[in-house]
Amino acid sequence: MTINRNTDALMIGSQGAGNLGTYTMSGGTVSVPNGPTIVGHQNTAIGRLTLSGTADFATKLLTIGNAAGTNGRVEVSGSAQLHVNGLMRVGNSGTGRLKITGDGAVIDCDGYWQNSLSTLELDIN
């Protein structure tokens, strides 16, 4: 799947009190080349992105836990790949969590930023 217009974004857990959005991949490819991916966008929304197996996910920007009161979580495991062609922001004004499990996952980004509410968890075996 490719989201390929200049202003397109992928929002997982977009808005609304308690709104829960989930996106799970265990294989295949998703590309968001021109817009951001936001996991937990606004108004206390909750977003979850799970990449496992041979999933390959690429985006221009990634924000996990965007607005105050939101909660975003991204988990990468197996041989999954996460490519961010710009800044990966774990917790903008909200709470974000990035969890990487195993030694086969590939994560690359042009920059990493994390606020004090958020966590990076590594479980490499």
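Reader: What makes β5 and β7 a pair?

Author: β5 and β7 run parallel and are joined by seven bridges. Two strands count as paired if DSSP finds at least two bridges between them, so β5 and β7 qualify. One spot to look at is A58, which stands opposite H83 in β7. A word on the source: this is a predicted model, where local features need pLDDT of at least 70, side-chain atom pairs count only at pLDDT 80 or more, and totals for chains, interfaces and linings use all residues. Residues are numbered from 1 along each chain as its sequence is written, and side-chain values use heavy atoms, with hydrogens and water left out.

Reader: How do you know that β7 also pairs with β9?

Author: By the bridges again: eight of them join β7 to β9 (residues 106–114), and these strands run parallel. In β9, V106 is the bridge partner of Q81. The strands themselves are DSSP runs (E, at least two residues), numbered from the N terminus.

Reader: What makes L82 a contact of F57?

Author: Contact means heavy atoms within 4.5 Å. Leaving aside neighbours within four places in sequence, L82 is in contact with several residues, including F57, L51 and V74.

Terms used: Helix = DSSP H or I, 4+ residues; strand = E, 2+ residues; numbered from the N terminus.
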